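Please look over the model below. The briefing takes its aromatic contacts and then its sheet.

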Amino acid sequence: MPKPLERLSEEELARKRVIGRVSTSTLSFLTRAFVEQGFDWLLPVVLSKSTDPLWPDPGASIEKRVETEIYGETVRTTLSMIVHKLVACSTAYPRLFSLSPNVRIEKRERSATGWHAYEFTQLDFEVRGGSFGQVRGVVEGVVTGLVDVLKRERRDELMSLSRLDGLGTPRAPFKVMDREEVVEEYGAEWESRLTKEIDDPVWVTNIPREFYDFQDPVSGVWDNYDLLVPRYGEVLSGARREWEYERIVAKMERDGVKKENFALLLQLAAGRRLRPSAGAGIGVERLVSWLVGARHIGEVQPFPKVPGTVYDL
Ligand code: AMP
Ligand code: MG
């Protein structure tokens, strides 16, 4: 289990520092890439009335939702910036990204996956009028570019982590698979089984989940996507979004999502002020874990947030 800084041996501290160098290069590369592609960089928020319902999502496992009262109002810590992205992208920021802290009190048994933290960061982005094709282009460009740069500029670090050879530079375009096809081939545990088999990142599309992902009203097919990386698993989730009031309300009612928690979003949708968009969120610590070949996601966090364990910092 990952230990806090003050309990690491000299050798473990040296490894932590090396992972830190790769992490810094990753953040530097990604933020530059998004800025150069015309994205506005929004600073994140932590407390809001409205945040991601994380429901229904087959992958979600939240033990507790953090809510508190300020100025007589109930606010929640950010589960993801999705609601903020939809509003920002529809109004002042047609191409945006953010490095957003997500607080998700995952069930404690998730410490064993080595892939869940209870605080982590998403590089979340959204494009007005966007499509899977556009998002795919952006993501595949940054992932391949990043691995390429790290293998040149962080060669020594990757070597000391025994990762230089194991981390192949992925070849774009990445394969796209439909979830129905994947379930047929691998069964209900498709995510872990597919993850073990692939040598390059793979997209899985058409995954039933939260109301804000677009679902074709006639075919029922979801225009959403996850990116899986070899050996580790899901590093990104994204979608084209719903923007029409009637459809959003119908899905909230179908899924038992409390409409009062999304009052502003619904008000904007009712006024036809939500715009079609597409985007995604990359789990930064998961991406770095894959890049460095981490044993546990907490290893790439300066202050590990492992489900079930609360350190001083
Ligand atoms: P989601 O919208 O729930 O798919 O979250 C977006 C991305 O955040 C995922 O694709 C992961 O890369 C990352 N993520 C989600 N939950 C966690 C977690 N508990 N710990 C670390 N990263 C996470
Ligand atoms: Mg996901």
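**Aromatic pairs and the central sheet**

A search of the whole structure, which is a predicted model, finds 12 aromatic pairs. One of them joins Phe-39 and Phe-125 edge-to-face, at 5.9 Å centre to centre and with 90 degrees between the planes. This pair links distant parts of the chain. Phe-39 sits in the loop between α1 (10-36) and β1 (40-42), Phe-125 in strand β8 (residues 119-128), and 86 residues separate them.

**Around the rings**

- Phe-39 and Phe-125 are both buried.
- The two rings belong to one aromatic cluster, together with Phe-34, Trp-41 and Phe-97.
- Phe-39 also has a charged neighbour: Arg-95 lies over its face, 4.3 Å from the ring centre.
- Elsewhere, Arg-247 lies over the face of Phe-214, at 5.6 Å from the ring centre.

**The sheet**

- Eight strands form an open sheet in the order β1-β6-β8-β13-β12-β11-β10-β9, and the pairing is mixed.
- Its edge strands are β1 and β9 (175-178), each pairing on one side only.
- On average, neighbouring strands are turned by 20 degrees against each other, direction ignored.

**Helices on the sheet**

- Helix α6 (residues 190-197) packs on the sheet and touches β9, β10, β11 and β12 (233-240). The direction of α6 makes about 50 degrees with that of β11.
- Helix α9 (residues 284-292) also packs on the sheet, touching β6 (95-103), β8, β11, β12 and β13 (277-283). The direction of α9 makes about 55 degrees with that of β13.

**Strand β11 and its partners**

- Strand β10 (residues 202-205) pairs with strand β11 (residues 224-229) in the antiparallel sense, over 4 bridges.
- Across this pairing, Val-202 stands opposite Leu-228, and Trp-203 has Leu-227 as its bridge partner.
- On its other pairing, β11 runs antiparallel to β12 over 6 bridges. Here Asp-226 stands opposite Ser-237.
- The hairpin of β11 and β12 has 3 residues between the strands, and Arg-231 takes a positive phi near 70 degrees there.

**Cover over β11**

- Is β11 mostly covered or mostly open? Mostly covered: 6 of its 6 residues are buried.
- In a regular strand, side chains alternate between the two faces of the sheet.
- On one side of β11 the buried residues are Asn-224, Asp-226 and Leu-228. On the other they are Tyr-225, Leu-227 and Val-229. Both faces of β11 are therefore covered, as buried means under 20% relative accessible area.

Notes. Residues numbered from 1 in each chain as written. Chains lettered and ligands numbered in written order. Predicted model: local features only at pLDDT ≥ 70, side-chain atom pairs only at ≥ 80, totals over all residues. Heavy atoms only, no water. Phe/Tyr/Trp six-rings, centres within 6.5 Å; stacked < 30°, edge-to-face > 60°. Helix = DSSP H or I, 4+ residues; strand = E, 2+ residues; numbered from the N terminus. Buried < 20%, exposed > 50% of the residue type's maximum accessible area, 1.4 Å probe, protein only. Lys NZ or Arg CZ within 6 Å of the ring centre and 35° of its normal. Pairing = 2+ DSSP bridges. Axes fitted to C-alpha atoms, helices over the stretch in contact; angles between N-to-C directions. Contact = heavy atoms within 4.5 Å.
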